[in-house]
Amino acid sequence: MERNNRRSLSGRRAASMLAAPALAPALALALFAGPAAAQSTAELCADPGQSCGARISEACLDQVERFGAGSVRAGAAGKSAACEAQMTDYRACLQRVAVECADNRVQSGASSTGCDQATSLKLWQDVKDATNPEELEGLALACPGTAAARLAEIRAKALRRGGGAPSVESAGPVARAAGDRFRDCPGCPEMIAIRAGRFTMGSPDDEPDRASDESPRRTVDVAAFALSRSEVARGEYAAFVAETGYRGGLGSGDVCRTYEDGSWDFRSGRSWRDPGFEQTDRHPVVCVSWEDAQSYIAWLNAKTPNAPYRLPSAAEWEYAARARGAGAYVWGDDPDRGCDHANLYDQTSARVNGFNWAAAACDDGYAFTAPAGSFRENAFGLVDMAGNVWEWTEDCWHESYRGAPSDGAAWMSANGGDCARGGLRGGAWDFKPTSARTANRNRTERGYRGAFVGFRLARDLDR
């Protein structure tokens, strides 16, 4: 009893001290693989700050009080590796609360329907492959209340509303030459035809700031495909929400990780509509999860059934970003020369945001996201393949490229893929410039939403 009371006191102290935990976004996405707490979801949801804070020792809280939550790092004077681990666990706990408790919908509720991870993943694929509303309505009943079920409902409604009629441009096969720009329907994102080709994926051993998950390098053959010229814009996503009434995948969609008052935190009331900074309809949509992206894609595919959209595979993404180049970045090898090509953490952002990591020694003029087309195109005519926002890819997460396909296809569950997590590419406005390396990989839970995460579309060119 005394021990439990001490943990309760620690939790209350932590909750008051760490109500808005400061966390560098370079670490934020990697946290989600952290250790899970030995507590039920109900306990966490009842009092997140106290429940999550209960795992932090009094000694560690003393360090936090002395040095600040954002500065606890192993190896520094007066700080310990044990405390750093506890802080990581605490933040991972908050992420779990943000995802699982949003709108009082928790993962355990889905498990009572018999929908474990494997079942849910299969349902996702079945919903994406379904082509008629009756089938989709049946799939919506398979795991009621889950993101896949809501996706099935959206697709079924869109198909019934549109009658399955293809748009004028997508009514039949259309030959596309490399570099062609086109739209499959009014309001559809502008697409660019990307030529087929072969490239070396991953980074060389001597590339500065590389990580082991970018190995082993390998040759990949990529078939011709189309990629949206820019990231999906806020206005394009707003049209989807207005037509479908979509409220989000896990939870209500109103929890997003934002930077406000000098700290990063998951905040209720923040979403793609209001990520904590001003945007116009030309800015990339942010605060969208992998599941949100799939729901938008399903809606768009119901409008253009002969032009099926999808997320790009990681291989397609890197091939398109490199655009036949071999540099570490879209623009070359110097991270300080990217401000004409990408919205990075630059001198403007350093003045406005003051993150505690190095900014590029150049100025791109934007403290947060930038409107599409604000920077130079790459050799394939694409913009914002580096910086602005991290972009979801279709693949499940793998810790390396061992056993990866060589045909450019998305790498899913084969060879140990973790399909609860997805890959992100390209870096973002708030991340250190080196995160925009073309080979750099990031990952997080597919239900994650951050004010620096968006997506762009791909589609095949065989129809």
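1. Of the contacts (heavy atoms within 4.5 Å) in the protein chain with a separation of 6 or more, 71% are between residues 24 or more positions apart. This is a predicted model, in which local features need pLDDT of at least 70 and side-chain atom pairs count only at pLDDT 80 or more, while totals for chains, interfaces and linings use all residues. Residues are numbered from 1 along each chain as its sequence is written, and side-chain values use heavy atoms, leaving out hydrogens and water.

2. Of the 463 residues in the protein chain, 56% are buried, that is, under 20% relative accessible area with a 1.4 Å probe, protein chains only.

3. Gly338 lies in the loop between helix H13 (314-322) and helix H14 (347-352); helices are DSSP runs of H or I, at least four residues, and strands are runs of E, at least two, numbered from the N terminus. Gly338 counts as buried because its relative accessibility is 0%. Leaving aside neighbours within four places in sequence, Gly338 is in contact with Trp331, Leu344 and Cys362. The C-alpha atoms of Gly338 and Cys362 are separated by 7.6 Å.

4. There are 28 aromatic pairs, counted for rings of Phe, Tyr and Trp (its six-membered ring) with centres within 6.5 Å; planes under 30 degrees apart count as stacked, over 60 as edge-to-face and the rest as tilted. The rings of Tyr237 and Trp272 are edge-to-face, because their centres are 5.4 Å apart and their planes at 75 degrees. Both Tyr237 and Trp272 are buried. The rings of Tyr259 and Trp264, with centres 5.3 Å apart and planes at 45 degrees, are tilted.

How values were computed
Buried means under 20% relative accessible area, exposed over 50%, partly exposed in between (1.4 Å probe, protein chains only).
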